[in-house]
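Below is a set of questions and answers on one structure. The sequence and model come first.

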Amino acid sequence: MSLVEITDVVKTFAARQRGGDPVRALRGVSLQVNEGETVAIIGESGSGKSTLGKAALRLIDVDSGSIRIDGDEITTLETRALRAKRADMQVVFQEPFESLNPRLAIGAIIAEPLQIHRPELGTTEIRKQVLQVMDKVGLPAAQASRLPGELSGGQQQRVGIARAIISRPRFLVLDEPTSSLDLSIRAQVLALLAELQEESRMAYLFVSHDMHTVEWISDRIAVMYLGEIVETAPTRQLFDNPGHAYTRTLLSARLSADPRERHAYKAFAGDTTVRQVSTGDAS
Amino acid sequence: MNSVAETILDVRNLAVSIATPDGVVNPVKGVDLTVRKGEIVGVVGESGCGKSTTIKGVLKLLGPNSTVTADKIELAGHGDISGFKPRQMNTIRGRAVGFVAQNPFGSLNPIYTIERQFYELQKAHRTGVSKRESREIARDMLNGVGIVGPERVLNGYAHQLSGGMAQRVVIALATTLSPKLLFADEPTTGLDATVQAQILDLITGLVADEGRSMLLVTHDLGVIAQYCQRVVVMYGGEVVEQGSVMDVMVSPQHSYTQQLIGSVPKSGEKLNVAR
């Protein structure tokens, strides 16, 4: 059995406007992530990829289906048990600054998960572990007393990662963790994530829309379109031999940084982005 | 590309300084760049390298706390515009040079209908344009950017559009007065990949079909490699390398360009991580 077992999960959001259609964000999604494995979810805005990431951590409740993490069914866990389970499953968000309390010092932010999950460690031990994890993610110890606003975007994201890993989770959801970072900083953070996984055998669910990033970091890729996973395949296979028409469309839209490689963008018949254009999207 | 194509824009020694409460900063320190007829030139670099400030400096779109100097900014048909006063710049913006910014919702007026925005633009540059005539032109322009059945868009407001649609409208506005040169500042950043491909195909198609030229600012090396003919690489307010896309992207000479290209994650290869 996989460390993360997501089976037939359904999530519908009420319509934003009265009389509008409800949004079927997840229409029966199943996915497994093994220990030490990185599974990427790719798709475009509104495909449901971030909803799936949140559901996998029970940051939102699902309508039906099962989500097991290390054997525990998290969709039905009671508050107290769920809280304890959260030490095992953590998240890194896209916007590092927005996910950090601007009034807390870096050291205090990183310490929070331990204060919640392992209060018995005591202040001195927690402080020691904070400094260890800061070192591990490449943050100088002197920054423990700084505020998030004093750090660069790349450093802020290192804080987000440090906070996520300090409770030694077995499962990490990474929701576009490098999308707001400059290219060279992105490379540093990706390399860090790969290194941490090598050491700890964490399972990563990596939500992204960037094909270059997922091609580099993931072992398998799930392609989401309109609330469904249309294809799951090992990374190499997905890129070399995409099975679904939508996957081929996504791949054709990727822009290689090598001018010798050319992809001509090809829309596919069910592509809503094209339909929007032809009918005028002034809804 | 055309070896002796006409030069459309020739910028020499452009510098921008901005007065801030903490002192003067110099985001652009002596940039030279040239755009020839029919050419798409990419300006690439990371946050803070001065790439956006460069094109805003050329168009004098920076705030009053900034100072722009240049040995010359030669715009074909208009001579050296480096000393132009705001009123003179107003005759150039929109008509000689179109501008497409990153956020289309920042470019569109939220409380005017799209139709009215086409009208205001034309009224500003041509006396005696009628609303009916303006609407005809707007309809043609929206058709030209791939919006089939533009009536609903014309009667609606910006907030009713998706990001991709709004950017199409901005491109239509930017090309309405047939400028020979387009400036685009991260025109597809924030859009989905498939929408990005559609918009870039559209905008570069408009350049090629009409014999226009474009200066395209982006942080995305894929956009440079796939859509530009020449590239200018900026770092710390300076141009570190420029040349044909084939030369610069395939065999970069400057160590910063090499590092930047090495930062693109490539499957099965180690990332070139700068420390």
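Q: How many salt bridges does the rule find across the interface of chain A and chain B?
A: A salt bridge is a side-chain nitrogen of Lys or Arg within 4 Å of a carboxyl oxygen of Asp or Glu. In this predicted model, side-chain atom pairs count only at pLDDT 80 or more, local features need pLDDT of at least 70, and totals for chains, interfaces and linings use all residues. Residues are numbered from 1 along each chain as its sequence is written, chains are lettered from A and ligands numbered from 1 in the order in which they are written, and side-chain values use heavy atoms, with hydrogens and water left out. Across the interface of chain A and chain B, the rule finds one.

Q: Which side chains meet in a salt bridge at 3.9 Å, N to O?
A: The distance of 3.9 Å runs from N to O. The side chains are those of B:Lys266 and A:Glu261.

Q: What area is buried between chain A and chain B?
A: Buried area is the accessible area (1.4 Å probe) that two parts lose on being put together, summed over both. Carbon and sulfur atoms give 57% of it. The total between chain A and chain B is about 3700 Å².

Q: How many residues does the contact take from chain B?
A: Contact means heavy atoms within 4.5 Å. Chain A gives 39 residues to it. From chain B the contact takes 43 residues.
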